[in-house]
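Thanks for passing this one along. Could you keep the viewer open while you read my comments?

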Amino acid sequence: MIFDDASKLRTHIDDEALASVSQASWPIVFAHGTFDLLHYGHVKHLAEAKLKMAGALLVVGVSTDATVPKGPGRPVFSERQRCEQIEALRAVDYVLLSSDGVADIEALRPDLVVKGADYGEFPREYLSRYGQ
């Protein structure tokens, strides 16, 4: 089973998860998305996100099924399947099952927030406060 105690998956940002990431004393890069139909563009985006800061931890928030705004029949893959796909990527250090990306950013306080070029609704104040 992929989700054992050594898993990269976190279902929420609790004090223990926050402490394990914060104590690492490495920069934190945060990316968030649905990642329903995972494709090369997603993989490349996450790999490049990891490289934006030397030695960074890449934390990826994956939207819960209830928060996917893609329309009828979506998501195609369950939140668990989508988390497993992201978790399998070499560049990813932690996967966070996320119902609110902005709240996750406020709790995690990453050094850099990265979003795909097609994402236009992310609150700009967070991009300027936490990175680009």
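Below are my numbered points, starting with the ground rules and then moving from the overall fold to single residues.

1. Ground rules. This is a predicted model, in which local features need pLDDT of at least 70 and side-chain atom pairs count only at pLDDT 80 or more, while totals for chains, interfaces and linings use all residues. Residues are numbered from 1 along each chain as its sequence is written, and side-chain values use heavy atoms, with hydrogens and water left out.

2. Overall fold. The protein has five helices and five strands; these are DSSP runs numbered from the N terminus, with helices being H or I of at least four residues and strands E of at least two. Along the sequence they follow the pattern β-α-β-α-β-α-β-α-β-α. Of the 132 residues, 42% are buried (buried means under 20% relative accessible area, exposed over 50% and partly exposed in between, with a 1.4 Å probe and protein chains only). Among contacts (heavy atoms within 4.5 Å) with a separation of 6 or more, 74% are between residues 24 or more positions apart.

3. Strand 4. How many residues of strand 4 are buried? Five of the five are, so the strand is largely enclosed by the rest of the structure. Both of its faces are covered, with Y94, L96 and S98 buried on one side and V95 and L97 buried on the other.

4. Strand 3 with strand 4. These two strands pair in the parallel sense over five bridges (pairing requires that DSSP finds at least two bridges between the strands). Together with helix 3, the two strands make a right-handed β-α-β unit; right-handed here means that, with the strands pointing away from the viewer, the path from the first strand over the helix to the second runs clockwise.

5. H32 in strand 2. H32 lies in strand 2, which spans residues 28-33, and is buried at 17% relative accessibility. Its side chain makes a polar contact of 3.1 Å with that of S98 (a polar contact is a pair of N or O atoms within 3.5 Å; within protein, one must be able to donate a hydrogen and the other to accept it, and residues adjacent in sequence count only if both atoms are side-chain atoms). Leaving aside residues up to four places away in sequence, H32 touches G61, V62, S63, S98, G101, V114 and K115.

6. Helix 4. Which residues of helix 4 are buried? In this helix, residues 101-108, they are G101, D104, I105 and L108. Seen down the helix axis, they fall within an arc of 100°, so they line one face of the helix (the arc is that of the directions from the axis to the C-beta atoms). Just after the helix, R109 takes a positive phi of about 50°.

7. Salt bridges. The structure holds five salt bridges, each a side-chain nitrogen of Lys or Arg within 4 Å of a carboxyl oxygen of Asp or Glu. One of them joins D36 and R74, with the closest N and O atoms 2.7 Å apart. This pair links distant parts of the chain, 38 residues apart: D36 is in the loop between strand 2 and helix 2, and R74 is in the loop between strand 3 and helix 3. D36 is buried at 2% relative accessible area, whereas R74 is partly exposed at 30%.

8. Two further bridges. K50 and D93 form a salt bridge with their closest N and O atoms 2.4 Å apart. K50 belongs to helix 2 and D93 to the loop between helix 3 and strand 4, 43 residues apart. K50 is partly exposed at 22%, and D93 is partly exposed at 22%. E84 and R80 meet in a salt bridge at 3.6 Å, N to O; both lie in helix 3, four residues apart, about one turn of the helix.

9. P75. This proline sits in the loop between strand 3 (57-63) and helix 3 (79-87). P75 is buried, with a relative accessible area of 17%. Not counting residues up to four places away in sequence, P75 touches D36, D65, V68 and R82.
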